[in-house]
Amino acid sequence: MKRDSSGVLPYTDSKPQGAADFYFAINATFRFLLDSQPGGAWEDYLEQLGREYFAPVNSAWKEEGLPMVAEYWRAFFGAEPGSEVVVEEGEGRVEIDVKVCPAIRHFRTQGRCPVSRYCEHCEILGQARARAAGMGMSLVGGNGSCRHTYFEDPDEAPARVPGSICEATL
Amino acid sequence: MLGSYDFCGHYEWTFTWLNNRGGPELLSGFWEEAISRDSQLHARELIAQEGIEGMKAYWGYTLAEESPELGFRITVRDGVFRIDMHDCPSKGFLTRNGLEQYPDYCDHCIGWIGPMMRDTGFVIDHEHNHRGQCWWEMRSTDDERSPGAIASLSGGSDVRSRADWDDLETPIDRFCRAHSAAQKESS
């Protein structure tokens, strides 16, 4: 995998962090797919994106295991403006405690309404990527703060409990 | 989570996904509905209210944020708003990282800017060379003048005066008084 200067992100940029207004485009893409392509297109899009666009990262996770998962998410959130995140490695798992979600924070400070299912994208995308790496993933919370867990053994990942992911609101 | 740091990468990947699913109609619908009318609502409102002054405010801010090295020049003269882009931060990200899923990433700009200009009373003359360089002129729909000759509006900053503007191998795409990617003419 080609990597940036941090050694774990797959792509390099000339800026240390992304532009927060890009979250508007991500949210608008979700709204467009959910509204104009009913019947699971949005979920298909995220799963395919997870498998294909993120293939270099997934391969690195598969080859280097949970330490790479932890390093990736530290570097990832370090490049996202306004995020407050703690990443911890435990026995057979990595916990990502998103204290302040940079996207939800930006929507709120700018008065832009997120799609209600915005937070589900992290679960669908994360699970597709974890599967590709031979791992499991779960998410609880949402609407501004949440917890992602990556499991070395995919069978340890709990099934989603209805209502465990909050609807996103302004 | 989909991030902002590599946004251009997954944005470009999305173009191919949409094109494969619903063809150019779905993709152009995405640029107009999702990007022009939803994501970039702030630009649309600013330009609808303030015209060229709104363009100065919008692009002055957003290009400085995306391209802190200032690889662009904005010129406002004689009722024309002009951008000369010498080092596109978005295309540059893709090129540096070897990301190319969709055959003409550059079309996305007129794909969303075009409908916004149409709805706010402006027409676009534009060329891009697929190597991170392009120019734009926006003028009122009522203004029937053609784009100026090289350097006539932006002087030495005119991207067309660069020695590497036309490498004779990559086609240059042209848009005349246009509002959509479908109005492309290639050299």
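Visitor: Is B:Leu168 buried or exposed?
Guide: B:Leu168 is exposed, as its relative accessible area is 75%. Exposed means over 50% relative accessible area, buried under 20%, and partly exposed in between (1.4 Å probe, protein chains only).

Visitor: Before we go on, what kind of model is this, and how are things numbered?
Guide: This is a predicted model, in which local features need pLDDT of at least 70 and side-chain atom pairs count only at pLDDT 80 or more, while totals for chains, interfaces and linings use all residues. Residues are numbered from 1 along each chain as its sequence is written, chains are lettered from A and ligands numbered from 1 in the order in which they are written, and side-chain values use heavy atoms, with hydrogens and water left out.

Visitor: What pLDDT does chain B average?
Guide: The average for chain B is 94, and 97% of the residues score at least 70; pLDDT is the predictor's confidence in each residue, from 0 to 100. For the complex, the predictor gives an ipTM of 0.95 and a pTM of 0.95.

Visitor: Back to B:Leu168: where does it lie?
Guide: B:Leu168 is in the loop between E4 and strand E5 (173–178) of chain B. Strands (E, at least two residues) and helices (H or I, at least four) are DSSP runs, numbered from the N terminus. The phi of B:Leu168 is positive, near 65 degrees, in a residue other than glycine.

Visitor: And B:His130, what is its phi?
Guide: B:His130, also not a glycine, has a positive phi near 65 degrees. It sits in the loop between strand E3 (122–128) and strand E4 (134–140) of chain B. Because its relative accessibility is 18%, B:His130 counts as buried.

Visitor: Which residues does B:Ser36 touch?
Guide: Leaving out residues up to four places away in sequence, B:Ser36 touches B:Trp31, B:Leu41, B:Arg44, B:Trp112, B:Pro115 and B:Met116; contact means heavy atoms within 4.5 Å. B:Ser36 lies in helix H1 of chain B and is buried, at a relative accessible area of 0%. Its side chain makes a polar contact of 2.8 Å with the side chain of B:Arg44. A polar contact is a pair of N or O atoms within 3.5 Å; within protein, one must be able to donate a hydrogen and the other to accept it, and residues adjacent in sequence count only if both atoms are side-chain atoms.

Visitor: New topic: how much area do chain B and chain A bury between them?
Guide: They bury about 3700 Å², 63% of it on carbon and sulfur atoms. Buried area is the accessible area (1.4 Å probe) that two parts lose on being put together, summed over both. In chain B, the residues that lose the most area to chain A are B:Met1, B:Leu2 and B:Tyr5, together 26% of what that side buries.

Visitor: How many salt bridges are there between the two chains?
Guide: The count between chain B and chain A is two. One of them joins the side chains of B:Arg96 and A:Asp13 (3.1 Å, N to O). A salt bridge needs a side-chain nitrogen of Lys or Arg within 4 Å of a carboxyl oxygen of Asp or Glu.

Visitor: Which residues of helix H5 of chain A are buried?
Guide: In this helix (residues 102–110), they are A:Pro102, A:Ala103, A:Ile104, A:His106 and A:Phe107. These buried residues pack against helix H1 (22–36), helix H4 (66–78) and strand E2 (93–100) of chain A.
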